[in-house]
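Student: Could we go through this model together, one question at a time?
Tutor: Gladly! Here it is.

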Amino acid sequence: MPASEGNLHGRLRAATRPLHAELELAVKIDERIRTRASYIDHLVRLFGLHVSAEIALQALNFTPLGFAYPSPYRSRLLAADLAELGVPPQALRRLSLPPAPRLETIPAGLGCIYVLEGSAKGARAILPEIAAALSLDGEKGATFFNGYGQETKLMWQALLSALNRIEPFSEEGRQAVEAALDTFRMFRRGLAVASDPNG
Ligand code: HEM
């Protein structure tokens, strides 16, 4: 289902485009995948962000909109990749988690998932670079960037159908957009490199 100006997906995409562009530049993915150590650091940051967002989402029930979000989902792939790279689950349990956006309504939850699942689509574009730089692949060490293949695609389509049942310029639409922007800001804070003075 394509984004159009007339649906909530179109509104979300337009509202978050500047933050996406900013993040894509700031992340400097080539630097993060240059060595195993920098890649592990990046995965650990992503793990904390995803666990925190998934915990916030667990309180919401999307079934009235015909959608189910499995949890833990993206964080499980990150934990598997980190285990492959020698970081055991016990070490991950000790991490302090970044605060998640307040997700008090179903539309807010869907706005947050829009960011998580959209980034899963984008992540697939990075997989070849990771494979080339670190000799890992979508089945070993970089499963997070591979996603669940066909399942990831189906999840995205199911999410868009649920989102597009919401009137884009209604109060509910506003809640979804606010939560998506907050989720982008959460990632911007969480992925900021230590030397970044704006971090
Ligand atoms: C290295 C950094 C990144 C790159 C290279 C990148 C690249 C991409 C690409 C190529 C797409 C289009 C995928 C497709 O339509 O199949 C995309 C979509 C998306 N990305 Fe990113 N991305 C990056 C970081 C992020 C981050 C950190 C987030 C949020 C946490 C994010 C959120 C999204 C969202 C929400 C979409 C879906 C837009 C839509 O179709 O409505 N991206 N990204």
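Student: Is Lys 28 exposed or buried?
Tutor: First, a word on the model: it is predicted, so local features need pLDDT of at least 70 and side-chain atom pairs count only at pLDDT 80 or more, while totals for chains, interfaces and linings use all residues. Residues are numbered from 1 along each chain as its sequence is written. A residue is buried if 20 or more other C-beta atoms, placed from the backbone, lie within 10 Å of its own, exposed if 12 or fewer, and partly exposed in between. Because Lys 28 has 12 C-beta neighbours inside 10 Å, it counts as exposed.

Student: Where is Lys 28 found?
Tutor: Helices are DSSP runs of H or I with at least four residues, numbered from the N terminus. Lys 28 has a positive phi of about 50° although it is not a glycine. Its place is the loop between α1 and α2 (29-32).

Student: What is the phi of Ser 135?
Tutor: Most residues other than glycine have a negative phi. Ser 135 sits in the loop between α7 (127-134) and α8 (143-146), and it counts as exposed because it has 11 C-beta neighbours inside 10 Å. Its phi is positive, near 55°.

Student: Why is α1 described as roughly parallel to α10?
Tutor: Axes are lines fitted to C-alpha atoms over the stretch in contact, with angles from 0 to 180 degrees between N-to-C directions. Angles under 35 degrees count as roughly parallel, over 145 as roughly antiparallel, 65 to 115 as roughly perpendicular and the rest as oblique. Helix α1 (residues 8-27) and helix α10 (residues 171-191) have axes 10 Å apart and pack at an angle of about 10°. That angle makes the pair roughly parallel.

Student: Which element gives the largest share of the shell around the ligand?
Tutor: The ligand is surrounded by 17 residues, with Gly 118, Ser 119 and Phe 187 among the closest. Elements giving two or more residues are α1, α6 (106-123) and α10. The largest share, six residues, comes from α6.

Note on methods:
A residue is near a molecule or strand if its C-beta atom, placed from the backbone, lies within 6 Å of it.
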